[in-house]
Amino acid sequence: MANDIVPFLDLVSPHRELEEELIAAAREAIRGARFIGGPEVEGLEKEFAAYCGTKYCVGLSSGTDAVRFALMAAGVRPGDAVVTVANTFIATVEGISQAGAETEFVDIDERTYNMSAQSLATYLESCRRDPQTGRPLGQRTSKPIRAIVPVHLYGQIADMDRLTDIARQYGLDVIEDACQAHGAEYRGTAMSGRAGALGKAAAFSFYPGKNLGACGEAGAVTTNDEHVATYIRMIRDHGQSQKYYHQIEGYNGRLDSIQAAFLRIKLRHLDRWTAARRTAAQRYNELFDSMSKSGAITIPYEPDWSEAAYHLYVVRTRERDALATALNASGIQTGFHYPVPLHLQECYRPWGYAPGRFPVTERVSSEIVSLPMFPTLTAEQQHRVAEAIASFVRMVAPC
Ligand SMILES: *Cc1c(COP(=O)(O)O)cnc(C)c1O
């Protein structure tokens, strides 16, 4: 038995490769004592906006703040409701709550694991309407719905044509949670482009483990809307556009200059890293071909309008827990994203959602397992993963 661990994520290699450049950038920031804002932040904002194909990018301290500020800038206020999915990282919903709004969930699509356009349409059709404004009222909260937040989970863009079309019918803004989807592409009929350029605004995280990660905490909002960009520039900095003149009460949500400098260096490698992830995903697909055809495992589904950035490579099987145990026993690290859907989390128990409320989300969350996926994953490591899964499948379901 090979006793090398196949890690779930290798964050060390890319930093080793860029070490000299990163250290030089840190040294320069320290020598100039430039730590908050300044040319590195502005440079990153320009470059990341250009990368996403948007007019503006505003650097922030985290992806969670990016979700919150994007919603606030789009006009979401306390007393409003926002629709999203329960199969996501909790930060999506924290951003909604921290904008002062209530969350309403809809179910996901069985194949893409992203927000289901059908569920959204059915949900909105059966909402009561506010007699004055005509806005749909949330079914859990009775609050007027202002926006939807599709999450581009695992690096695959949600069904933006259909979701946007539905949102438009109800006068709702679309805020993308693109925290896992840097560089993912969408080629729809009504719109096309990269993650971040497909809604009113988009939230990005540069948490170290994301496809584009800082060496610490960081995030950003991208948008084509000048008002959104201006508003977020103000609230990230205590509500001031001129020092000590506060138009509104804001937050401390700024991006560090050192992190911006690191991100500019790494952004130059993002396309190469994304291509390596896509190659690795393709190789997994080939290695799993017969197990996928026999129905033993379900591999990721990529609609023809999607070019996913494979933040995660997630397979699905009824024997999920046993498979993960077997893989971990043979030195292959795995993860569950996410093991408990948000509507069933302890912290949201007061919301009163019962098991069975979002059947697809619940089924999927009990059957998914994320396999090792990162740009420097080798073919040999992938063969080991495939062999371990194949021997598990033979053991569980001998033909
Ligand atoms: C990582 C992540 C966030 C939050 O980003 P932070 O930078 O960690 O605050 C939000 N939404 C999703 C889907 C994420 O994966």
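**Entry 1: elements and backbone**

I take helices (H or I, at least four residues) and strands (E, at least two) as DSSP runs, numbered from the N terminus. I keep in mind that I am reading a predicted model.

With those elements in hand, I looked up Ala 33 and placed it in the loop between α2 (19-32) and α3 (39-52). Its phi is near 50°, a positive value in a residue other than glycine.

Next I turned to His 238, which belongs to the loop between α8 (226-235) and β10 (240-242). For His 238 I read a phi near 60°, again positive in a residue that is not glycine.

I then checked omega and noted a cis peptide bond running from His 337 to Tyr 338, with omega near 15°. Tyr 338 is part of the loop between α12 (320-329) and α13.

I jotted these down because most residues other than glycine have a negative phi, and most peptide bonds are trans.

**Entry 2: the ligand**

Where does the ligand sit? I found it in the largest pocket.

I counted 14 residues around the ligand, the closest being Gly 63, Thr 64, Asp 177, Ser 205 and Lys 210. I sorted that shell by class and got five nonpolar, seven polar and two charged residues. Helices α4 (63-73) and α5 (91-98) each give the shell at least two residues.

Ser 205 places a polar side-chain atom 2.6 Å from an oxygen atom of the ligand. Asp 177 has a polar side-chain atom 2.8 Å from a ligand nitrogen atom.

**Entry 3: salt bridges**

How many salt bridges does the count come to? I get 23.

I picked out one of them, between Glu 110 and Arg 363, with the closest N and O atoms 2.6 Å apart. I placed Glu 110 in the loop between β3 (102-106) and α6 (117-125) and Arg 363 in helix α13 (residues 359-367), so this pair ties together parts that are 253 residues apart in sequence.

Terms used. Residues are numbered from 1 along each chain as its sequence is written. This is a predicted model: local features need pLDDT of at least 70, side-chain atom pairs count only at pLDDT 80 or more; totals for chains, interfaces and linings use all residues. Side-chain values use heavy atoms; hydrogens and water are left out. A residue is near a molecule or strand if one of its heavy atoms lies within 4 Å of it. A polar contact is a pair of N or O atoms within 3.5 Å; within protein, one must be able to donate a hydrogen and the other to accept it, and residues adjacent in sequence count only if both atoms are side-chain atoms. On a 1 Å grid over the protein atoms alone, a cavity is a set of points where a 1.4 Å probe fits but cannot get out, and a pocket is an open set with protein on both sides within 12 Å along at least five of seven lines; lining residues have an atom within 4 Å of a point. A molecule sits in a cavity or pocket if more than half of its atoms lie within 2 Å of its grid points. Ala, Val, Leu, Ile, Met, Phe, Trp, Tyr, Cys and Pro count as nonpolar, Asp, Glu, Lys and Arg as charged, and the others, Gly among them, as polar. A salt bridge is a side-chain nitrogen of Lys or Arg within 4 Å of a carboxyl oxygen of Asp or Glu.
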